[in-house]
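Me: Please go through the fold and packing of the protein shown here, one question at a time.

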Amino acid sequence: MRLFLLSIIIFLSLGSVLAQKVCNTPGYTLPEIKTGSNAPGPEKVITIPVVVHVLYNQSKENISDLQILSQIEALNADFSRKNSDFLKVPAVFASRAANTAIQFELAKTDPMGRSTSGIVRKKTSRIMWSDDNKIKSAASGGSTAWDSRQYLNVWICNTVPGLSGYATFPGCDAALDGIVVRYDAFGTSGVVVAPYNLGRTMTHEVGHWLGLKHLWGDGPCGDDGIEDTPKQRGSNSGAPVFPRLTPCNGSIDGEMFMNYMDFTNDEAMGMFTAGQKSVMRAQFEPGGKRASILNSRALEQSWNTSMQSAVVPQADTKVVNVYPNPSRSGKINLQVSQNTGINGMHYAIISSGGQIMKSGHLESTQKEIDTRVLQPGVYQIRLTDAGTTLFTKFVVQ
Ligand SMILES: [Zn+2]
């Protein structure tokens, strides 16, 4: 997480007097990721599909597509060491800098297999959001995460004063998995505001999402468990001057304040190390917490063309009811409100990966469907009649 200046009272209470940004990313104490020989080869670029949920109250918070694209570009530059300001990294640290061979791209296909821009926009009555994860679910006023095994979910919103972003670590609750970034600290254009105007809040949070800790390990004179990042007394802020010498560091090179996993201003940052790259890429090893991303179909062309013009698949419980839900009995009952005027209709049960698992025809407004072929998980059920499409979700346990 990145917090900034307005939370000075919180910083004081945490003993981080000089910090301008503090990270309280949940799940921070997860064990270190083991790096191993099975990691994808260094030349293989991993591309992560991204879906951006824009939650806005004021129109300025409804950031433009261009601003979103500017963030994707900044991420790709930072993660490939092609950032134009890399030259400012002191030579002693530049030699440890890595092209992670990890890239990012807005999703082309949604979880239902339909074509998408990778951007979801939703107006909200909520003026600002804290780090309580409510933004990650429509049920709590936010926008529900897309399948986090296949997408990096990013929510953009107006955050509470002092909070610029937060992230989950690999292995967290799938429904909460992803990154939240403040609307004016996201990207490099549009309504972005200095000193968080080079997209590095997102770079930092993606670092967490891929298993990286802060350089100081969130303890006084602590460590992040990575060999090629030096010890740090604590977080750095602003734009320090090299070398940043502290008693705990003990090296004439000082602290690596220009690393993306510090709290310095965007303009003062510019590198990940080779050790950080190893931790991040280890997530994609067989059995790794992010390995499922490698099988995502989100960057393929849409395959569900029959649903291109369908309504947004939000649960419509007013007109469709599934019970029992969750279902453990190998069957579900479907009840469609009489006032929809629908009688006979086609149904399709669709997995979170967008595959149609079962389909058929319903003759009445209430019908039992055998679900024994379904593995435990979350499914969409799509009901279609002439000119009408309804969706709802159910869970098989
Ligand atoms: Zn952080």
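Me: Among contacts between residues at least 6 apart in sequence, what percentage join residues at least 24 apart?
Reply: This is a predicted model, in which local features need pLDDT of at least 70, side-chain atom pairs count only at pLDDT 80 or more, and totals for chains, interfaces and linings use all residues. Residues are numbered from 1 along each chain as its sequence is written. Two residues are in contact if their C-beta atoms, placed from the backbone, lie within 7 Å. Among such contacts between residues at least 6 apart in sequence, those joining residues at least 24 apart come to 69%.

Me: Which residues touch the most other members of the largest nonpolar core?
Reply: A nonpolar core is a set of buried Ala, Val, Leu, Ile, Met, Phe, Trp, Tyr and Cys residues joined through C-beta atoms within 7 Å, where buried means that 20 or more other C-beta atoms lie within 10 Å of the residue's own, placed from the backbone. The largest such core has 67 residues, and the members touching the most others are Val50 and Ile156.

Me: Which strand supplies the largest share of this core?
Reply: Strands (E, at least two residues) and helices (H or I, at least four) are DSSP runs, numbered from the N terminus. Contributors of at least two residues each include helix 2, strand 3 and helix 5 (274–282). The largest share, six residues, comes from strand 2.

Me: What covers the buried residues of helix 2?
Reply: The buried residues of this helix (residues 65–79) include Ile68, Ile72, Leu75 and Phe79. Their cover includes strand 2 (46–56), strand 3 (102–106), strand 4 (119–123) and helix 4 (200–209).

Definitions and conventions
The expected span of a helix is 1.5 Å times one less than its number of residues. A residue is buried if 20 or more other C-beta atoms lie within 10 Å of its own, exposed if 12 or fewer, and partly exposed in between; C-beta atoms are placed from the backbone.
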